[in-house]
Each structure stands twice: as C-alpha cells, then as structure tokens.
Amino acid sequence: MEENRNEYVMKDIFACMEEGGHEQVTFFRHEKSGLRAIVAIHDSTLGPALGGCRMIPYASTQEALDDVLQLSQGMTHKCAIADVDFGGGKMVILPDSSSTEKSPELFRAVGRFVGSLQGRFFTGTDMGTSPEDFIHAAKESKYIVGLPEYYGGSGDTSISTAMGVLQGMRATAQYMYGSESLEGKVVAIQGIGKVGARLAGLLLAEGAELIIADVHLPSCLIIQRMSPESVEITTTHKILETPCDFLVPCARGGIVNTSNIHQFRCKAIIGSANNQLENDQCADLLAEREILYAPDYLVNAGGLIQVAMEILQKTKECAEEKARFIYDMLLQVYKRAEQHQISTCQAANEIVEERLEKIADIRRIYLG
Ligand code: NAD
C-alpha cells in the first residue's frame, strides 16, 4: 500500500515538472530539527537559480510542491525580465505533523542542504522567514543571500521592492496620462506590510491620495497619522472595488480571479504581490475591461535585483540604478501589448522567452 502511494507521488512529480518545464526538485529531511523542505529549480539557462525560502502552513505535501513549482517558475520570469543572470528557484519549508518550531538548528540544516546543491541554488528570506533566520543558515553555506546589513548582507529587500513598484507606477502614469507625476493620483493599497507601508510613504511624498486596507488595522493607522488629509482607510473587502487610478496589491496572490474581475473599478493594477492573477485568462479579461495590468514579476523585481547585486558584490547604488530599469521595461511591455493586440502578461512572457532563447544560443559557443 505504502509502495503504491510512493509510486503515485513520483509519477505526479514528474508530470508536474514536465508541465512547468522544471529541471530539478529536491526533497530534504532532517530528523532532530524537524526540517522538511523542498527546493525546486525551474530553469538555469541564465545562471544559478535564485529564490527565497518560504515557511508557511501547507495543508499537504502536494500543496507545498505546487507552491514551490509555481514560485520557482515565476523566479525564472522575474530574473529574465529584470536582466539579471540568474535562474529560477525557490525553497519551501513544511511544518511537520508535530508543528515545526523555528530554531537555529532548523536553519543550520537549511544551510547544509542548500550547500549540498553546490552553487546551483541561492536562497534567503521569503514569507514566514526573516533575514535573522538566515544568519544561522549562512554559518553552513555560502549560498545564502539577503542577510541583515550588520551581518554583511544587503539588508531588507522590501525597500528596493517598494522603490521598484514606484518606478513601475511612474511608467504607468507616463503611459496612461502622458506624465509620470503621481501628484493627485488616487492609489488604493491592499496590504500595509513591509512593502505596502514603505510604498505608502513614498507615494505620500509624491503627493498621491491614498486609500488603504489591511487585516491589521494598526498598520493603517500609522500611515494615516503621517498625512490624515491624504489617507483614507477602508475595509479589506471594499478595497478591490474602490474607484481609483491604481489598485496596488501588496498582500497575497490570486486577488484577481474570473469571479471578481467585474467588480474592479481601477484604471490600472500594479503592486508587489506575487501571482496576482488566478490564471492567464484574467489578463485577457482585464484587457477587455480596459484595466491596464502591470505584470507582477516585473514590477516587484526590485528586491531580486538587490540580492542579485549582493551575490555579484556590487554596491547598493548599483542595485538602485539597475532597479530604474523596471520603468523602461514596463513601458516596453505596454507598447508591445498595444502593438500586437495582446495582453500585457503575454507581452512580458514573450520578452522572457526571447531572452532565454538568445542567451541559451550564445552559451552554445564553445569556450576552448
Ligand atoms: P508582509 O507580510 O510584510 O505584508 C503583507 C501585509 O498584507 C500584512 O500587513 C498583512 O496583514 C496584510 N494582509 C494579509 N491579508 C490581507 C488581506 N486580505 N487584505 C489586506 N491586507 C492583508 O509582506 P511584504 O514583504 O510586504 O510582501 C507583500 C507582498 O509582496 C507579498 O505577496 C510578497 O510575496 C510580495 N513581495 C515581497 C517582496 C519583498 O521584498 N518583501 C519582494 C517581492 C514580492
């Protein structure tokens, strides 16, 4: 019985890998620390895989596997469109049945296993893990990124992610209104966490009017206190239906789906959350409703650019300069979508495929 179940799981994994075009999936387990983890490497055409390590409650191994496969694929897209020479990878930690506690040993074990991939995969913080956790992992592996600045890393990525979203918003304003100014624009932010709060501050400095929502009300109140006349707080339900220039998802993914798409009353969607669209069909439906969609994996690439520059030992200024690229690339995506009458998602995906093909071709050159 047990054997049959294992056989089924193996078949399922290969079918999933084939469907998504994944190169490698590795399972890790360490008894004493309670670590159970999966690393997925989607595509290493551009270089070693790079992607965060997520630790959230998963209902099943299959759910964790689906998540790591989807997220690693997204990282390939993000690296390719952000023009950084890394591949797509991701790691997930699954709580075991007796609820895994975070501990230094757990993250040391993460470090050992990541090290065993011998540079094929770099990782750092993601949902449910912090830069401090990875101080322990870094004792066991040199393939750990995004450590706190006081520990020699490049620090919190949410600042550069927020900066990248701001660049994307300026480009979107330029495309829609002929001016990149955000002054007076009505911006509805869903999720006032690390990225959302920083972005709110940047937008207030630009003169935007904010409507904000978070399940954690005190986070919203902090922003409102910064500029009471320019910040309105609404409910997490109403925020998606709010009439505004830009709807900015900065909480969870999947917020645009076929059943709620008719409720949106924004002119554009542009935010940091990963996998905002439930599926590709949503991109076409948004286009039909003349809602401009800024592909999430491009707009939220600021943090990725920061850690990629950290691995390459470039300065923070270099990372900031490179993040400006989001502005130009997003305009390219919008123009391509308009020219070819395709969704912005398809336009971005085509740019990714073309880049992967071109680089793969160049790397066929024999080096002697
Ligand atoms: P975070 O956990 O700090 O913030 C998320 C916020 O969303 C929290 O304040 C939470 O209370 C709120 N929230 C949760 N459910 C909500 C709901 N239904 N309605 C309204 N608010 C809700 O996370 P973060 O680092 O700010 O990241 C935000 C998003 O951006 C995530 O999807 C993340 O994957 C993505 N992202 C983050 C980075 C980064 O550098 N931090 C980089 C790329 C992408």
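**Exercise 1. Decide whether Gly196 is buried or exposed, and list its contacts.**

Step 1: Gly196 has 0% relative accessibility, so it counts as buried (under 20% relative accessible area; exposed is over 50%, partly exposed in between, with a 1.4 Å probe and protein chains only).
Step 2: Leaving aside neighbours within four places in sequence, Gly196 is in contact with Ile189, Gly191 and Cys250 (contact: heavy atoms within 4.5 Å).
Step 3: Gly196 lies in helix H6 (helices are DSSP runs of H or I, at least four residues; strands are runs of E, at least two; both are numbered from the N terminus).

This is a predicted model: local features need pLDDT of at least 70, side-chain atom pairs count only at pLDDT 80 or more, and totals for chains, interfaces and linings use all residues. Residues are numbered from 1 along each chain as its sequence is written, and side-chain values use heavy atoms, leaving out hydrogens and water.

**Exercise 2. Locate Lys90 and judge its accessibility.**

Step 1: Lys90 sits in strand S5, residues 87-93.
Step 2: Its relative accessibility is 3%, so Lys90 is buried.
Step 3: Beyond four places in sequence, Lys90 touches residues including Phe121 and Asp126.
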